[in-house]
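Subject: Structure handover and notes

Dear colleague,

Please find the structure below, followed by my notes on it. I would be glad if you could read them side by side with the coordinates.

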Amino acid sequence: MTNLKVELSERSYDIKIGPEAFLLAEKAVRKLEKQNRPVAVITDANIYSLFKDKVQALTKNVIVLKAGEKSKCFSALAQTCSALADFGMDRSGAVFAFGGGVVGDLAGFAASCFMRGVDFFQIPTTLLAMVDSSVGGKTGINIEQGKNLVGAFHQPKGVFIDTDFLKTLPKREFAAGMAEVIKYALLCDEKLFCLLEKNALTRESPEMAKVIKACCAIKAGVVSADERETAKENGRALLNLGHTFGHAVEKCAGYGEYLHGEAVGLGLVLAARMSESLGLVDSECVSRTENIVRMYGLPVSLRSPIKPDKLVAASLHDKKNAAGKSKFILLNKIGGAFTRTDIEKSLVREIFKTAQK
Ligand SMILES: NC(=O)c1ccc[n+]([C@@H]2O[C@H](COP(=O)([O-])OP(=O)(O)OC[C@H]3O[C@@H](n4cnc5c(N)ncnc54)[C@H](O)[C@@H]3O)[C@@H](O)[C@H]2O)c1
Ligand SMILES: [Zn+2]
């Protein structure tokens, strides 16, 4: 078991990582109960059927959401808040999110607004949630106009990452999580990149705990320095490497066609190609990026064609863009990235053209 601290002064918290982390989550629940503080668990139907005993061992106050992105909506939020009230949740209580990013985002948002905020813990069960969504305090839901448009910053009080949960994760979901892992390596950890390209890691690889810790350490460092993504340059926005391209692909192909991580995998390749076009990296950096994305079963081109103009328009509308300027995250080496806001539309179009089969 290893421990990592997210430094955010009075909002600092620990991330416990290892195959026994779930036991620590159970201990945390027992401690709260001893203090007569109400506890509730929010999970989804898949997790509940796979790990019913574990859910019930935590508490009898269980909210089971439908699995999938559709649960990040106002009606699921309303039902969750009503259930919390029925359980007798009060301001001294705590909510545990037990599941992937969907559960974490919805549960975290419910915890941020129920009685103006109750404590919240994360027990992530997907690789994406372990390396990304469970750390950093972004919570929220989707509305018709876009994903994650309604939400709050609400840091968890603790994160318990039990790598044993990876064993039941569908292979496609594991691959999608690996896209975020590759992203961190490309951003600032060349050593991690070399480890990932040496042998393709699997859900069972013993190195996974170490890899997850490396990713969480990078995210924790970035979040500590720029919690609310207000830095003009670099900062938390760096975590969007590959995402401006990826979000455009997800949107234009129709949400659900590509898993988020699949679109990000392709986005990383496109970010590397844009960096090469601007003379920031050499062709070897691009081919290594392509190879690693392919190696983890992620796409390096579009599965079916999408008009470049449509993709350009979607990428320029990405909500991360401040003051009408499109922000792109570019590489200057494997393990080095920075933000740029002066990218010509024509270049964005050229790069999207390379994504066509
Ligand atoms: N808050 C953040 O900072 C942040 C960052 C990145 C992504 N997100 C959000 O995360 C969400 C995606 O999260 P996700 O990829 O974890 O998706 P998810 O929560 O939908 O989980 C994917 C699927 O895997 C199933 N599953 C989960 N754990 C399992 C396990 N151990 N074994 C078997 N099946 C399991 C789930 O039931 C679901 O069907 C998106 O809504 C995205 O917006 C948030
Ligand atoms: Zn992502």
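In what follows, buried means under 20% relative accessible area, exposed means over 50%, and partly exposed is anything in between, with a 1.4 Å probe and protein chains only. The model is predicted, so to speak of local features requires pLDDT of at least 70 and side-chain atom pairs count only at pLDDT 80 or more, whereas totals for chains, interfaces and linings use all residues. Residues are numbered from 1 along each chain as its sequence is written, chains are lettered from A and ligands numbered from 1 in the order in which they are written, and side-chain values use heavy atoms, with hydrogens and water left out.

Let me begin with Ser 71, which counts as buried because its relative accessibility is 6%. Ser 71 sits in the loop that joins strand E4 (62-65) to helix H4, where helices (H or I, at least four residues) and strands (E, at least two) are DSSP runs numbered from the N terminus. Setting aside neighbours within four places in sequence, Ser 71 is in contact with Leu 65, Lys 66, Ala 76, Val 102 and Leu 106, contact meaning heavy atoms within 4.5 Å.

Within helix H4 itself lies Thr 80, which is buried at 1% relative accessibility. Not counting residues up to four places away in sequence, Thr 80 touches Ile 42, Ile 63, Leu 65, Leu 106 and Ala 110.

Now to the helix pairs. Two packed helices are described by the angle between their axes and the distance between the axes. Here the axes are lines fitted to C-alpha atoms, for helices over the stretch in contact, and the angles run from 0 to 180 degrees between N-to-C directions.

The axes of helix H4 (residues 74-86) and helix H5 (residues 101-113) come within 10 Å and cross at roughly 55°. That angle makes H4 oblique to H5, given that angles under 35 degrees count as roughly parallel, over 145 as roughly antiparallel, 65 to 115 as roughly perpendicular and the rest as oblique. The contact is formed by Ala 76, Leu 77, Thr 80 and Cys 81 on the H4 side and by Leu 106, Phe 109 and Ala 110 on the H5 side. By class, the contact of H4 with H5 has 6 nonpolar, 1 polar and no charged residues, where Ala, Val, Leu, Ile, Met, Phe, Trp, Tyr, Cys and Pro count as nonpolar, Asp, Glu, Lys and Arg as charged, and the others, Gly among them, as polar.

For helix H10 (residues 243-253) and helix H13 (residues 308-316), the axes come within 8 Å and cross at roughly 120°. That makes H10 oblique to H13. In this pair, Thr 244, Ala 248, Val 249, Lys 251 and Cys 252 of H10 meet Lys 310, Leu 311, Ala 314 and Ser 315 of H13. Sorted by class, the contact of H10 with H13 has 5 nonpolar, 2 polar and 2 charged residues.

The 18 residues of helix H11 (residues 260-277) should span 26 Å at 1.5 Å a residue, and its end C-alpha atoms are 25 Å apart, which agrees; the expected span is 1.5 Å times one less than the number of residues. Of the 18 residues of H11, 15 are buried, and H11 is followed by Gly 279, whose phi is positive, near 75°. Helix H12 (residues 283-295) has 13 residues and reaches 18 Å from its first C-alpha to its last, close to the 18 Å expected at 1.5 Å a residue. The buried residues of H12 are Cys 285, Val 286, Arg 288, Thr 289, Glu 290, Ile 292 and Val 293, and they pack against helix H7 (171-188), helix H8 (190-198), H11 and strand E10 (328-333). H12 is followed by Gly 297, with a positive phi near 75°.

Finally, some backbone and loop details. Most residues other than glycine have a negative phi. Glu 229, however, has a positive phi near 55°; it lies in the loop between helix H9 (208-225) and H10 and is partly exposed at 24% relative accessibility. Asn 234 is found in the loop between H9 and H10, and its phi is positive too, at about 55°. Glu 144, in the loop between strand E7 (138-143) and strand E8 (146-153), is exposed, with a relative accessible area of 82%.

With kind regards
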